[in-house]
Amino acid sequence: MAYLVVCPVSQVRTVGLKHEPSHMLTVMSEKSDVPRPASVSAANHESLIFNDIAADRDGLVAPGAAHVEALLGFARAWDRKAPLLIHCYAGVSRSTASAYIIANALADDADPTMLASILRMRSPTATPNPRMVALADAQMSMGGAMIAAIAQIGRGADCFEGDPFIFPLRADQADLF
C-alpha cells in the first residue's frame with residue numbers, strides 16, 4: 001500500500017526499520033550524511049538543500065521553483081509499491097510541506113482542503129513551509145487552493161520536533177493507519 005511517512009531526521013532510522021520505505025526525500029539546509037534505511041537504494045534517495053524560510057534572506061537559500069520541480073519529479077517517479085519516507089530537520093515545516101505537495105500531486109482524489117485537514121489530523125505540529133506550498137500551487141495550476149487550505153488549518157502547535165506520522169494518498173485510507 002502506498003503512503004507517505006514523515007519524520008524528523010532524528011527518527012529516520014526508527015521509521016525506516018518500521019515502514020521499510022523504497023524511496024526517501026531529504027529536505028535539509030545543508031548536505032549531511034543522513035542514515036538511509038537499508039530498504040532505500042542510493043538511486044531512490046533525493047536530497048533537496050535549502051533553508052526553512054518563507055521569504056528571501058541574505059546568506060540563506062530560500063525554497064525555489066527548481067526545488068519544487070525536483071520534488072514533484074521525484075514523487076512522480078516513485079513506483080508506490082512501498083512507502084516514501086520524507087524528512088527534514090524537525091519534521092515540522094519542509095517535510096510536511098513536501099508531503100502535502102506530493103499528496104496533492106499523486107492522490108487519487110486530491111482535494112487541497114481535505115488533504116490539509118488530513119495533514120492537521122495526522123500532525124498537530126505540522127506547519128508547512130508557505131513558500132513551498134505557494135510555489136507548488138503555482139506549478140500545479142491550483143489557483144491558490146493549496147495556499148488557502150494550508151492557511152485554513154493554521155500554524156501547528158509549537159514543538160522542538162514533530163512526531164512521525166503517516167499521510168495516506170487516498171481519502172478512504174485516512175482511517176487505516
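In the predicted model, strand E5, which spans residues 165-168, is covered on both of its faces. Phe-165 and Phe-167 are buried on one side of this strand, and Ile-166 and Pro-168 are likewise buried on the other. Strand E5 is joined by four bridges to strand E1, which comprises residues 3-8, and the two strands run antiparallel. Within this pairing, Val-6 has Phe-165 of E5 as its bridge partner, and Phe-165 is also among the residues of E5 that are buried.

The protein chain as a whole contains six helices and five strands, arranged along the sequence in the pattern β-α-β-β-α-β-α-α-α-α-β. The radius of gyration is 15 Å, close to the 16 Å that the globule rule gives for 177 residues, and the protein chain is therefore as compact as a globular protein of that length. Taken along the principal axes, the box filled by the C-alpha atoms is roughly 45 × 40 × 30 Å. Of the 177 residues, 52% count as buried, and of the contacts between residues at least 6 apart in sequence, 69% join residues that are at least 24 apart.

Two positions in the helical part of the sequence were examined individually. Pro-124 lies in the loop that connects helix H4 (112-122) with helix H5 (130-139), and it counts as exposed because its relative accessibility is 53%, where the exposed class begins over 50%. When residues up to four places away in sequence are set aside, Pro-124 touches Gly-156 and Ala-157. The C-alpha atom of Pro-124 is separated by 9.1 Å from that of Asp-158, a residue 34 positions away along the chain.

Ser-117, by contrast, is found within helix H4 itself. The C-alpha atoms of Ser-117 and Ala-43, which are 74 residues apart along the chain, are separated by 32 Å.

Terms used: Residues numbered from 1 in each chain as written. Predicted model: local features only at pLDDT ≥ 70, side-chain atom pairs only at ≥ 80, totals over all residues. Heavy atoms only, no water. Rg over C-alpha atoms; globule rule 2.2 N^0.38 Å. Buried < 20%, exposed > 50% of the residue type's maximum accessible area, 1.4 Å probe, protein only. Contact = heavy atoms within 4.5 Å. Pairing = 2+ DSSP bridges.
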